[in-house]
Amino acid sequence: MYRKQVRRRRAVLTLLVLSSFLLLTITYGQSSGGLQDGLSTVFSPLQTVADRALKPARDLVGWFDQTFEARGENDRLRDELEETRTQAVAGQEALQENAQLRKLVGLDRGPVLAASAYEPVTGRVIARSPTVWHSAVTIDVGRGDGARVDDPVIAGEGLVGQVASVQPSSSQVTLITDHASAVSAKVLPSGAQGVVRPEVGNPEDLVLDFIASARKIGVGQTVVTAGWRARDLASLFPAGLPIGEVTRASIVEQEASQQVHLRPYADLANLDLVQVLTGGSR
Amino acid sequence: MIVTPRIFARLAAIVLVGVLLQLSFFSRVALFDTSPDLLPALVVSLGLLGGAMTGAVAGFSTGLLAAALLAGPLGGASLVLLAVGYLAGLFRERFEIHSELLPPLLCLALTVVAELGFGAVELTLGVDAPISALVVRDVLLKGIYAFFLGWPLYLLLRRLLRPALVEEPRVARRRQPTVMGV
């Protein structure tokens, strides 16, 4: 009797371990397909209800956390305000100059206007991944709202990520802090281009790689999506979406490229409302 | 643990509520920039109450459900939580739980093991992005949060699963003295 029980126990354990390896092999690097679609469809209404019901509790915990951080944040914001005032004056001049140049060259679509081909659909985050190894959220915008795989997702402050999989009433979004994420970007105003990658475990820091070391990058400069297009191929993100602000630039000795660190504009740790840019031409 | 259909339903409901709570609440609050991870503590508690098989099956299901709801690769979280649940159950089968501090301490230790396991699985499969030293802080803080979450969680689950627990000591009722002739 005892030996039979031990054998049964070993068999169940072996089956579970083998199933895990099999699932990992089949689904790594891609969506889990039918199973995920089915489960998400069934559970997304429950997740929406749980999200709304638990919002006051989340806000309470958030309030405690923010109170700890508020002191340091205040000093930093004062410094940033002064810096932004200076930049705003420079920005006004640049806008005037830009308008004049546009008339001269006859451009009808600037980088920001290109984004208007997209139709933003606003949604709410209803779930989030528990580990730092996968930065993903579930939102209550789905196929029925026009969302498609690879659609860019933004928050009020800047780029958040892209849609990884879509169900009828919900979607999973891979954030720009996920280790599999890579976004082609450029630094303003120099126009130096590179690829924004995350640093796993630190959602406050992104790394802009492959910037030529000859290009001078300054702290506080803005990084936006590059939005390239070459024949039939095009970037998944439209040009000009703000990603973050340069916090550090370091040139590695004897290397042709430099690493630029930036802080994302979007508060990726506390995402609530996001917009999916649907209907883009890809 | 004696798993009747009713207890099975309770276990399934516990796993479901736990996963929903994690994805909709715990993953979305951050204390000191780290979100608590309830799932390893949940699996450890179930393993401690139900034994190695209950822990392993609960760990597998919890990992599978959480990954399926978030477009993550299936199997990785299942494998890690299966191991954690099995270890917790094995502990219960080999040793007596005398101290009330033991379940939360095991939640702390096995949550750290689980978080390192998640990282190990990802690193084995390949991570191209640089890894921040803050990952270590995240793992340790998650362990500490699991200690404080594990304490009430274990007591709650013990209450919910009491009918199925074999060695649960019954509360002795004091017998009223019988007065002869009344």
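**Figure 1. The largest nonpolar core of the predicted model and the residues with the most contacts in it.** In this predicted model, the largest nonpolar core has 55 residues, and those that touch the most other members are A:Trp133, B:Val19, B:Val44, B:Leu46, B:Leu157 and B:Leu161. Two or more residues are given to this core by helix 2 of chain A and, from chain B, by helix 1, helix 2, helix 3 (52-69), helix 4, helix 5 (102-125) and helix 6 (134-160). Helix 2 of chain B supplies the largest share, which amounts to nine residues. In soluble globular proteins, nonpolar side chains tend to be buried together.

**Figure 2. Helices of chain B.** Chain B contains six helices and zero strands, and its elements, read from the N terminus on, follow the order α-α-α-α-α-α. Of the 182 residues in this chain, 55% count as buried.

**Figure 3. Salt bridges of B:Arg28 with A:Asp51 and with A:Asp272.** B:Arg28 makes a salt bridge with A:Asp51, in which the closest N and O atoms are 2.3 Å apart. This pair crosses between chains, since B:Arg28 belongs to the loop between helix 1 (5-24) and helix 2 (38-50) of chain B, while A:Asp51 belongs to helix 2 (residues 34-53) of chain A. Both residues of the pair, B:Arg28 and A:Asp51, are buried. The side chain of B:Arg28 also meets that of A:Asp272 in a salt bridge, with an N to O distance of 3.5 Å. Because B:Arg28 lies in the loop between helix 1 and helix 2 of chain B, and A:Asp272 in the loop between strand 13 (257-264) and strand 14 (273-278) of chain A, this pair likewise joins two chains. B:Arg28 has a relative accessible area of 9%, and it therefore falls in the buried class, for which the cut-off is under 20%. Through salt bridges that share partners, A:Asp51, A:Lys55, A:Arg58, A:Asp59, A:Arg124, A:Asp272 and B:Arg28 are joined into one network.

**Figure 4. The salt bridge between B:Glu93 and A:Arg9.** A search of the whole structure finds nine salt bridges over all chains, and one of them links B:Glu93 to A:Arg9, with the closest N and O atoms 2.8 Å apart. The pair crosses between chains, from helix 4 (residues 76-94) of chain B, where B:Glu93 is placed, to helix 1 of chain A, where A:Arg9 is placed. B:Glu93 is partly exposed at a relative accessible area of 37%, and A:Arg9 is also partly exposed, at a relative accessible area of 25%.

**Figure 5. A positive surface patch on chain A.** The residues that form this positive surface patch are A:Arg3, A:Lys4, A:Arg7 and A:Arg8. Among them, A:Arg8 is found in helix 1 (residues 2-27) of chain A.

**Figure 6. A nonpolar surface patch on chain B.** B:Leu101, B:Leu105, B:Trp151 and B:Leu155 make a nonpolar surface patch of about 330 Å². One of these residues, B:Leu105, has its place in helix 5 of chain B, and with a relative accessible area of 42% B:Leu105 is partly exposed.

Figure 7. A:Asp150, although it is not a glycine, has a positive phi of about 80°.

**Figure 8. The positive phi of B:Phe32.** B:Phe32 is not a glycine, yet its phi is positive, at about 55°. B:Phe32 is found in the loop between helix 1 and helix 2 of chain B, and at 44% relative accessibility B:Phe32 counts as partly exposed.

Definitions and conventions. Residues numbered from 1 in each chain as written. Chains lettered and ligands numbered in written order. Predicted model: local features only at pLDDT ≥ 70, side-chain atom pairs only at ≥ 80, totals over all residues. Heavy atoms only, no water. Patch = residues over 30% accessible without salt bridge, like charges linked within 9 Å, V, L, I, M, F, W, Y side chains within 5 Å. Areas by Shrake-Rupley, 256 points an atom, 1.4 Å probe, with all protein chains shown as cover. Salt bridge = Lys/Arg side-chain N within 4 Å of Asp/Glu carboxyl O. Lys, Arg positive; Asp, Glu negative; His and termini not counted. Charge placed at Lys NZ, Arg CZ, Asp CG, Glu CD. Helix = DSSP H or I, 4+ residues; strand = E, 2+ residues; numbered from the N terminus. Buried < 20%, exposed > 50% of the residue type's maximum accessible area, 1.4 Å probe, protein only. Core = buried A, V, L, I, M, F, W, Y, C linked by side-chain atoms within 4.5 Å.
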